[in-house]
Amino acid sequence: MSQITLDDGRDGLAGFPAGFTVVGRDELGDVLAADATGVVWQFPHGGGDWTSRVRAFATTALLHEHVAFQRHFAPPAADESTDTMQVRKQAIEAWRKGRRGAPYSLDASKAALEALREELADRRFHASKRGRGLAACQELGLRCEQALRAASAPGEWLARAAEGDGSALGVMGDFTPPWTEARVRELLAPLVGARELRLRQRPKPKP
């Protein structure tokens, strides 16, 4: 909802109220229009009779300030550095303090900050000892699944971290003789090493 394109056209807006001046649309297709006092309203697209609207900006100046700043609301990119995201987060936090009278901007900046904070928290976790251990265990799980397939173990096998720090690997399968738990442990032991291996029988389908 945060990315607004300035556009005063009325194409496709049959029945739109004559007392409003269309000034733009957001990425969801919602129409933004100013009333006679300069207050900008957000009209949900597809409303039909255009009776539903919410106050977006107290003035058109606040709308234009939003458009000038909205590039900062882009979702975190995989190749964006942590330092760049921190700078962007601080810029949004400072900018939103002056958004009194712009509920649209407050909502957009809140959503952008939540996305940035989540991504930064994820990166901190992945860089931590627990995060590295979990990633290594998840990669190990894929190698164990491949080893079971290569050894022609029947059925479907699932190997995933059984603890949040990756200290244990859980393996779920059918364990049909001769592929008993003992044989699976024997096959996977060289891969798993000192990591705890937890085996679990796949639940039988209900008749």
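**Exercise 1.** Which residues are linked with Lys 89 in a network of salt bridges?

*Solution.* The structure is a predicted model. The search for salt bridges covers the whole structure and returns 11 of them. Within the network in question, Lys 89 is linked with Glu 93 and Arg 117. The general principle is that side chains of opposite charge can pair when their charged atoms come close.

**Exercise 2.** Determine whether the partners of the salt bridge between Glu 80 and Arg 88 are buried or exposed.

*Solution.* Step 1: identify the pair. The side chains of Glu 80 and Arg 88 form a salt bridge with an N to O distance of 3.0 Å.
Step 1: recall the cut-off. A residue is buried when its relative accessible area is under 20%.
Step 2: apply the cut-off to each partner. Glu 80 has a relative accessible area of 13% and is therefore buried. Arg 88, at 10% relative accessibility, is likewise buried.

**Exercise 3.** Carry out the corresponding analysis for Arg 143 and Glu 139.

*Solution.* Step 1: a salt bridge joins Arg 143 to Glu 139, with 3.0 Å between the closest N and O atoms.
Step 1: helix H4 (residues 129–150) contains both residues, 4 residues apart, about one turn of the helix.
Step 2: Arg 143 is partly exposed at 38% relative accessibility, and Glu 139 is partly exposed at 40%.

**Exercise 4.** Classify the relative orientation of helices H1 and H2, and describe their contact.

*Solution.* Step 1: the axes of H1 (residues 60–69) and H2 (residues 82–96) come within 13 Å and cross at roughly 175°.
Step 1: angles over 145 degrees count as roughly antiparallel, so H1 is roughly antiparallel to H2.
Step 2: H1 contributes Glu 65, His 66 and Phe 69 to the contact, and H2 contributes Ala 91, Ile 92 and Trp 95.
Step 3: sorted by class, the contact of H1 with H2 comprises 4 nonpolar, 1 polar and 1 charged residues.

Note on methods: Residues numbered from 1 in each chain as written. Predicted model: local features only at pLDDT ≥ 70, side-chain atom pairs only at ≥ 80, totals over all residues. Heavy atoms only, no water. Salt bridge = Lys/Arg side-chain N within 4 Å of Asp/Glu carboxyl O. Buried < 20%, exposed > 50% of the residue type's maximum accessible area, 1.4 Å probe, protein only. Helix = DSSP H or I, 4+ residues; strand = E, 2+ residues; numbered from the N terminus. Axes fitted to C-alpha atoms, helices over the stretch in contact; angles between N-to-C directions. Parallel < 35°, antiparallel > 145°, perpendicular 65-115°, else oblique. Contact = heavy atoms within 4.5 Å. Nonpolar A, V, L, I, M, F, W, Y, C, P; charged D, E, K, R; others polar.
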